[in-house]
There are 2 protein chains.
Amino acid sequence: MDYHAELFNGLGDPTRLRLLNLLTQAKEICVCELVDALQVPQYNISRHLHVLLKTGMVQDHKRGKWVYYSVAKNLKLYQRTLLRAVSELRDEREDLRQDEARAGRRLKLRSGGVCCVGLVSKIGNSSQETAAQNVAAR
Amino acid sequence: MDYHAELFNGLGDPTRLRLLNLLTQAKEICVCELVDALQVPQYNISRHLHVLLKTGMVQDHKRGKWVYYSVAKNLKLYQRTLLRAVSELRDEREDLRQDEARAGRRLKLRSGGVCCVGLVSKIGNSSQETAAQNVAAR
DNA sequence: AATATATATGCATAATTACGCATGTGAGCT
DNA sequence: AGCTCACATGCGTAATTATGCATATATATT
């Protein structure tokens, strides 16, 4: 598919829409935090982030064991406009706000700006029953 | 897929991107004109227009034998923002401007505001060798 | 070095979507 | 009524994309 259509397509998946929404709200979020916020398997989050990376909408930054994602710098005009459309969507979507709530709770668990220290979080991956369920809230 | 992701997805196809671009430039365009402008089979155009209809981005209006499409009235805020992203994209895309050129030539052929009178145009459908090739230009 | 944690990815499969062809529908013309 | 033109749609198939599971990689930590 051509590049720009792909760009829109990048937002054409519910999970990616949710990811982008969170990323526009916070400066930097690491993968495990996104996993907890969306309650979606880690391999799934990673894959969707990869798609968003390819569209140039987000950038990643490895720090220690973790990979932090954020909205890319130097977005083109139409890309910034797209992001704005996402935020505008926010008002209509309860689920996006729920994501933000879970993300908020999760981000509070950072110690010294570092994410997931001492937290186990494997929602869909492998066996172990997941921790960080205080974040899930329900 | 959920509704809003689908909305982005509506733009996540090159053909639909091209259609939307033309529709944002002109008030009303009928299917056969779009076929000539994009040089894409009629059944294909119809299908993509149907997708755009479902997203609420465009509306149709039957007039005599023809069906005219236009950008929907009463778009929501984020929808208008999306359209703006499309126009902003225009600057980067030679192909969109070529579509517009062909569309412009085609629209000039209207007689009395009525489209495709006496023109035969079956780019991909069935047999007959297409007319309106003065529009294709190449 | 061995182990544990965070993230990515190969592979098989399921689900979704686009496409081409043929045909259906509906409006207008003769 | 029969024909033609504009448009839509059913169906089969090809192409694309998402998902789950397992595993690979890379970076601490002990």
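Axes are lines fitted to C-alpha atoms, for helices over the stretch in contact, and angles between N-to-C directions run from 0 to 180 degrees. The model is a predicted one, in which local features need pLDDT of at least 70, side-chain atom pairs count only at pLDDT 80 or more, and totals for chains, interfaces and linings use all residues. Residues are numbered from 1 along each chain as its sequence is written, and chains are lettered from A and ligands numbered from 1 in the order in which they are written.

Within chain B, the axes of helix α2 (residues 14–25) and helix α4 (residues 42–55) come within 10 Å and cross at roughly 75 degrees; helices are DSSP runs of H or I with at least four residues, numbered from the N terminus. α2(B) and α4(B) are therefore roughly perpendicular to each other (angles of 65 to 115 degrees). On the α2(B) side the contact is made by B:Thr15, B:Arg16, B:Leu19 and B:Leu20, and on the α4(B) side by B:Asn44, B:His48, B:Leu49, B:Val51 and B:Leu52. Residues are in contact if their C-beta atoms, placed from the backbone, lie within 7 Å.

Chain B can be laid on chain A by a turn of 180 degrees and a shift of 0.0 Å along the axis, with an RMSD of 0.0 Å (least squares on C-alpha atoms of residues with pLDDT of at least 70 in both copies). The two copies are thus related as by a two-fold rotation axis.

Between the chains, 20 residues of chain B are in contact with 20 residues of chain A. α5(B) gives the most to the side of chain B that touches chain A, with eight residues. Because 100% of the interface residues of chain B are also interface residues in chain A, the copies meet through the same surface.

How values were computed. Helix = DSSP H or I, 4+ residues; strand = E, 2+ residues; numbered from the N terminus. Parallel < 35°, antiparallel > 145°, perpendicular 65-115°, else oblique. Contact = placed C-beta atoms within 7 Å.
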